[in-house]
Amino acid sequence: MLVLYKIETGKVFPLHDHAHAQFGMFLEGGGTFKVSNSAWRVKKGDAYYIPPGVKHELRIDSKQPSVVIDFFTPRREDYLAEALPPDN
């Protein structure tokens with residue numbers, strides 16, 4: 001499942017985990033990513049991988065909104081209600 005986010009400056013996705021592998025890339029902006037016991041700065045062009053069940057947190061602190069593309073496997077059933085219908 002592919003998810004495209006536009007995230008406002010100051011947004012925090014608190015420490016959480018899920019049963020999905022998560023791969024992603026910052027297309028714009030940046031912030032601080034905490035994965036397990038490590039934290040690092042992320043910026044435009046940076047990519048990441050979070051294994052299933054690993055706690056992680058994201059704080060957006062760039063001067064502009066961030067645009068992030070995420071890929072989840074298996075798909076996030078909890079996101080389907082927000083998804084756009086497929087093109088016909």
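Which residue stands opposite Val68 in E8? Select Val68, then look across: Phe26 stands opposite. Keep in mind that this is a predicted model.

**Stop one: strand E8.** Select residues 66–73, which form strand E8.

Next, select strand E1, residues 2–7. E1 also pairs with E8 in the antiparallel sense, over six bridges. To find your place along this pairing, pick Val3 and look for Asp70 in E8, which stands opposite.

**Stop two: the end of E8.** Move to Pro74, in the segment after E8. Display the peptide bond from Thr73 to Pro74. That bond is cis, with omega near -5°.

**Stop three: Val42.** Select strand E5, residues 38–43, and pick out Val42 within it. Is Val42 buried or exposed? Val42 has 3% relative accessibility, so it counts as buried, the cut-off being under 20%.

Show what Val42 touches beyond its neighbours up to four places away in sequence: Phe26, Gly29, Gly30, Gly31, Thr32, Phe33 and Leu58. Then turn to Thr32, ten residues from Val42 along the chain. Their C-alpha atoms are separated by 5.9 Å.

**Stop four: Ser36.** Go to the loop between strand E4 (30–35) and E5, and select Ser36. Check its backbone: phi is positive, about 55°, although Ser36 is not a glycine. Ser36 counts as partly exposed, because its relative accessibility is 42%.

Methods
Residues are numbered from 1 along each chain as its sequence is written. This is a predicted model: local features need pLDDT of at least 70, side-chain atom pairs count only at pLDDT 80 or more; totals for chains, interfaces and linings use all residues. Side-chain values use heavy atoms; hydrogens and water are left out. Two strands pair if DSSP finds at least two bridges between them. Helices (H or I, at least four residues) and strands (E, at least two) are DSSP runs, numbered from the N terminus. Buried means under 20% relative accessible area, exposed over 50%, partly exposed in between (1.4 Å probe, protein chains only). Contact means heavy atoms within 4.5 Å.
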